Amino acid sequence: MKGAGTGPQASLREILQGRFLLGAALNDAQIAGQDPVALEIVRRHFSTISPENALKWDAVHPEPDRFEWAAADRYVALGVKNHLAVIGHVLVWHEQTPSWVFAGAAGATLDPELLLARMRTHIRAVVGRYRGLVQAWDVVNEAFEDDGTWRKTPWYRALGEEYVARAFEFAHEADPDAQLYYNDYNLWKTPKREAAIRLVTSLRQRGIRIDGVGEQAHWLLDGPGIEEIEPMIVDFAKTGTRIMMTELDVDPLPRPDELIGADVSKRVDLKPELDPCADGLPDDLQQRLARRYRDVFSMFARHRAVSRVTFWGVTDADTWLNQWPVRGRTNHPLLWDRQGQPKPAFDAVVEALRRAASNGA
Ligand code: G3I
């Protein structure tokens, strides 16, 4: 495989030389070995993997007394076999959680203690099973609204703010060596970032382990600007926590402004005018996407606090942005196209990382 203009294709992992972990989220077909093109990219370029869906509550724990480990086991084994840092995603979220979790016992309203017990059982089982194999967990996902207020999820409504602290405590009990992260989108927005910083600070003051924060980094071609993202990295670094880009992609297609981020409860139906690049990404957009990736990777390389960057998907064939915020459109947000060929954006990342390495960043 060749990257346009780069000669024999560079390995991103080799260029990075451990500067930060680089990876991608794998879907269930990839985990099952049914996508050799994507797996070749992973082995050549990445040092870490995340499970797009395989470790979510609805996948591993569909009923109170039933766990489904097959896909999750395959995921962890794939990472171990290929010497990749294996990330766990996600223990406590309001999406992809079966309705029984939030249901009261036989006709009663939900008892907070029962919900807490369910949370503990789940975390103990999942984290305990992969103790020593999964290096780090997204413990809680998306606890805040963009304005910094608590998101009124079923977790919050039943347990209040304390649900986050308890989730971190349960995860730490189940694997004392695992790194534990808080994960959210739009943390570049100041009120949301301040809320996450307050959370990190208060957990630490209480002696509860939290190792880092993940900005999901579902971004657009024109926003957020570097001048908005960089202060986020600096502010988290000041707290002494790691900051990771856990779900990076850059959407080059038009999107209503209010849908920046990743609120999966909001979606619109496909209309031809919302699917302008069904036949491929035109050259001007390829070049803009490449410049955007160059700029963000140059910035990541400037900050030692950035410890991992994970793309949410391997090639454009599998990106969740083919389904969100518009169902069924043809999107192009990643470094590899639908055939697994590197795009100009790949070359731009190579260039940014090489330049950073030669500057001693
Ligand atoms: O499990 C069903 C399966 O039984 C059914 O056959 C299939 C048919 O459509 O649907 C399957 O469920 C889908 C699931 O992915 C597994 O493939 C859901 O419809 C679909 O909505 C779900 O989307 C996932 C989304 O989270 C839902 O919350 C995306 O793949 C996944 O990329 C996305 O990931 C999230 C992160 O976890 C958190 N941050 C935002 C990010 C993007 O939304």
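How far does an oxygen atom of the ligand lie from an N or O atom in the side chain of W312? In the predicted model described here, that separation is 2.9 Å, and the ligand, which taken alone exposes 790 Å², has 52% of that area buried by the protein (accessible areas from the Shrake-Rupley method with a 1.4 Å probe, only the protein chains shown counting as cover for residues). Because the model is predicted, local features were required to have pLDDT of at least 70 and side-chain atom pairs were counted only at pLDDT 80 or more, whereas totals for chains, interfaces and linings use all residues. Residues are numbered from 1 along each chain as its sequence is written, and side-chain values use heavy atoms, with hydrogens and water left out.

Around the ligand there are 15 residues, of which E52, K56, H89, Q96 and E247 come nearest (a residue being near a molecule or strand if one of its heavy atoms lies within 4 Å of it). A polar side-chain atom of E52 is placed 2.4 Å from an oxygen atom of the ligand, and for Q96 the corresponding distance from a polar side-chain atom to a ligand oxygen atom is 2.8 Å.

N183 belongs to strand β5 (helices, H or I of at least four residues, and strands, E of at least two, are DSSP runs numbered from the N terminus). This residue is buried, with a relative accessible area of 0% (buried means under 20% relative accessible area, exposed over 50%, and partly exposed in between, with a 1.4 Å probe and protein chains only). The side chain of N183 is joined to that of N141 by a polar contact of 2.8 Å (a pair of N or O atoms within 3.5 Å; within protein, one must be able to donate a hydrogen and the other to accept it, and residues adjacent in sequence count only if both atoms are side-chain atoms). When residues up to four places away in sequence are not counted, N183 touches H89, D138, V140, N141, E142, G214, Q216, T246 and E247 (contact means heavy atoms within 4.5 Å). Two of these partners, H89 and E247, are also among the residues that come nearest to the ligand.

The largest nonpolar core comprises 111 residues, and W137, Y293, F297 and F300 touch the most other members (such a core is a set of buried Ala, Val, Leu, Ile, Met, Phe, Trp, Tyr and Cys residues joined through side-chain atoms within 4.5 Å). Helix α8, spanning residues 162–174, gives the most to this core, with eight residues. Apart from it lies another core of eight residues, among them A25, Y185, L321 and W324. Beyond four places in sequence, the contacts of W137 are with L55, G88, H89, L91, V126, V127, Y130, A178, Q179, L180 and Y181. L91 is also a contact of H122, which touches W57, V60 and H61 as well when neighbours within four places in sequence are left aside. H122 is found in helix α6, residues 112–129, and is buried at a relative accessible area of 0%.

Side chains of opposite charge can pair when their charged atoms come close. A search of the whole structure finds 22 salt bridges (a side-chain nitrogen of Lys or Arg within 4 Å of a carboxyl oxygen of Asp or Glu). D146, D184, K189 and K192 are linked in a network of such bridges. Within it, the side chains of D146 and K189 meet with an N to O distance of 3.0 Å, a pair that links distant parts of the chain, since D146 lies in the loop between β4 (136–141) and α7 (154–159) and K189 in the loop between β5 (179–184) and α9 (190–205), 43 residues apart. D146 is partly exposed, with a relative accessible area of 23%, and K189 is likewise partly exposed at 23%.

D146 also forms a salt bridge with K192, the closest N and O atoms being 2.8 Å apart. K192 lies in helix α9, so the pair ties together parts that are 46 residues apart in sequence. K192 counts as buried, at 0% relative accessibility. In helix α9 is also found T190, partly exposed at 39% relative accessibility, whose C-alpha is 8.6 Å from that of D146 across a sequence separation of 44 residues. Elsewhere, the side chains of R294 and D295 meet in a salt bridge of 3.2 Å, N to O; R294 is partly exposed at 29%, and D295 is partly exposed at 32%.
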